[in-house]
Amino acid sequence: MPGYEVNFDGLVGLTHHYAGLSFGNEASTQHRNSVSNPKLAAKQGLLKMKTLADMGFKQGVLPPQERPHIPMLRKLGFSGTDEHILAQAMRTSPNLLSALSSASAMWTANAATVSPSADSADGKVHFTAANLNNKFHRAIEAETTSAVLRAIFADQRYFIHHDALPQVALFGDEGAANHNRLGGDYAKRGVQVFVYGKQGLGGETEPTRYPARQTREASEAIARLHQLSEQHTVFLQQNPAVIDQGVFHNDVIAVSNQQVLFHHQQAFLQQQQGLEQLRRKMALVETDLVAIEVPTSRVSVADAVATYLFNSQILTKANGKMMIVVPEESRQHQGVWQYLTEMVGNAGPIDEIKVFDLRESMRNGGGPACLRLRVAMNERELQGVNPRVMMNDALFTTLNEWVDRYYRDHLTQNDLADPQLLREGREALDALTSILGLGSVYPFQQ
């Protein structure tokens, strides 16, 4: 039975703004208080989805979440009508209102960790929504993320959904942004690679400037929940020194696809031992590791962070060769672009570069790989996915019309207190759940 990797990209939300909320994400902090364009952001993401779908890749859509998040404001002591709550929050705690208006759920690489049925002992696809414990504005996403995933992957014959891990630092979990899978055919067993920033119990090495968002304990818990075998699972620690240089997730310094691991020379702690462990375990699934290691002498960590070279997608084309999807910032950097053009000309597995303008996302600290959740499935499982979320000509047209109707092209932090913005968002999400056939997945719909 054939296997596929399906990418589910997040639609940018209506409250997309630059608040600099994500300490450790240098792009986010550098663009704090800039004026955002939610409409352009959403359209840039939609164009990426449609272009890849037109090229033959299987592409789905994940919806944004409701923001501002009125239920959390009520939990934190604000009361009265929704309009009064917004006004009070802006007057007394504008930064809190900004956090509860973040459109960060657009980065669906953080939505969950997914294990395909080929790897799980029970032969089912497992989802664990990420708790995103390290950042308050992200930690509130898990409940709605779970509801959305359960609505899209609803067929219990094929899909199992786990609640997010406990909301404590020991089990800090950032989802697929710190998870890779290596192997051959997507429908056959592979090797799952969990990358963590620190070990909470007994660990000795961790970053000192920026937080390590993923713990080993969280990764191990997910491996147990997903019924993964020890011989096909690898735990690697991210290099603390690169976390302190702004590599807040593994997908800012490494990315994989099938047998290929594209990574920086400084990506992992004890890197050579880790790569050797990967080679040994990949031999058990009869696949040779192809490690493409980018030397520091060619691309510095700072340049990798600035251009999001590794926050790319590597996709397998119909002819078996691979394409790398990078943001426009990678093309604009002379050294990075020279490395990429040399790499695709070296007769290796990656022979094509595709560039997308994702400026609105990039300025808030997320590139091509941040915007998508990878789900490997076989043909039967793919047929069990809600078909209305799969990108095609009709859905692309409908969603662009939806964006044109509801989204603003100019947003500042002061706009977050506008009751009309809240009403626009709820009307938009009500319409979107009907378009995508999701049912009631938002708090205001309950």
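The largest pocket holds about 420 Å³ of space. A pocket here is an open set of points on a 1 Å grid over the protein atoms alone, where a 1.4 Å probe fits, with protein on both sides within 12 Å along at least five of seven lines; its volume is the space filled by probe spheres set on the points, which are joined across faces, edges and corners. This is a predicted model, where local features need pLDDT of at least 70 and side-chain atom pairs 80 or more, while totals for chains, interfaces and linings use all residues. Residues are numbered from 1 along each chain as its sequence is written, and side-chain values use heavy atoms, with hydrogens and water left out.

**Exercise 1.** Work out which residues lie closest to the centre of the largest pocket, and which element gives the most to its lining.

*Solution.* 
- Start with the 21 lining residues (an atom within 4 Å of a point): H69, I140, A142, E143 and T144 are the closest to the centre.
- Next, go to the elements (DSSP runs: helices H or I, at least four residues; strands E, at least two). α3 (70-75), α6 (136-139) and α7 (142-152) give two or more residues each, and α7 leads with five.

**Exercise 2.** Find which strand supplies the largest share of the lining of the second largest pocket.

*Solution.* 
- This pocket has a volume of about 340 Å³, and 16 residues line it.
- Nearest its centre sit G56, F57, Y186, T316 and K317.
- β1 (3-10) and β12 (313-316) each supply at least two lining residues; β1 takes the largest share, with four.
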